[in-house]
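Work through each task before reading its solution.

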Amino acid sequence: MTRHNTHKHRAAGVLAGVVALALGGCAATSAPSSSGTLAEKAPLLPSSLFAGESQRFDAWQCEPANQSLVTAGSADTLRLWSMHGAWQLPRAIVASGERFQQGDISFWNKGQEARVETPRGQLQCELAEQRQAFTRADYPDVMFMGRGNEPGWMIKLSSQTPEMTLVSNYGRETRTLPYMVSVMDNDAGRVVIENAQADDFFRVTIEASACFDNMSGEPF
């Protein structure tokens, strides 16, 4: 689910999110659906927009850059989101705690503390917030969901067909609209969808990054 301008807020008290929407929110996602032709079935979205096999999102407050990160871990892989993008790090051997590394990016944590090393430098992080990941059981037939505050809005992408449901005006208005994919960048975790009907045009940009509810601080 999503909130607006949340990747700029402190991760206390984050999709998605894992995802920053052009509308100004975060995203909560279930597993991608299987893909067919875009005219008939929902597209397969980049894996970096999802929690994978992880059951929760962890938010980390890091210094000295005063930066917030979001992670989602499984037995073999850690998914890491920051304001700069998203990465999938395989598990590495370590004497204590857990360590994940891909190239020159690594994440080591023990308990509620973590150390992140990147080409930009080293971060010392503390666990700030956790949130259970949503599942298809929570939202049947929904592939991707985003939401934001002030004013409240929500979008849902169907897992079956290329249709977007937009809930606006604090839940008082609901519309379901067809869309087409104009950009699909799997490496960057970036998707742009647009309305397939020119008479009712919209454009939604979805990008993989750390995102936080700007009211509760929850990670997405």
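**Exercise 1.** Number the bonded cysteines of the protein in sequence order and state the pairing.

*Solution.* The pairing is 1-4, 2-3. The structure holds 2 disulfides, a disulfide being a pair of cysteine sulfur atoms within 2.5 Å. The model is predicted: local features need pLDDT of at least 70 and side-chain atom pairs pLDDT 80 or more, whereas totals for chains, interfaces and linings use all residues. Residues are numbered from 1 along each chain as its sequence is written, and side-chain values use heavy atoms, without hydrogens and water.

**Exercise 2.** Characterise the disulfide that joins Cys26 to Cys211.

*Solution.* Step 1: the S to S distance is 1.8 Å. Step 2: the angle about the S-S bond is -75°, a left-handed link. Step 3: Cys26 lies in strand β2 (residues 26-29) and Cys211 in the segment after β16 (203-208), so the bond ties together parts 185 residues apart in sequence. Strands (E, at least two residues) are DSSP runs, numbered from the N terminus.

**Exercise 3.** Characterise the disulfide that joins Cys62 to Cys125.

*Solution.* Step 1: the sulfur atoms are 2.1 Å apart, and the link is right-handed, with 110° about the S-S bond. Step 2: Cys62 in strand β3 (residues 56-63) and Cys125 in strand β10 (residues 121-132) are 63 residues apart. Step 3: Cys62 is buried, with a relative accessible area of 0%; buried means under 20% relative accessible area (1.4 Å probe, protein chains only). Cys125 is likewise buried, at 3%.

Note on methods. Helices (H or I, at least four residues) and strands (E, at least two) are DSSP runs, numbered from the N terminus. Buried means under 20% relative accessible area, exposed over 50%, partly exposed in between (1.4 Å probe, protein chains only).
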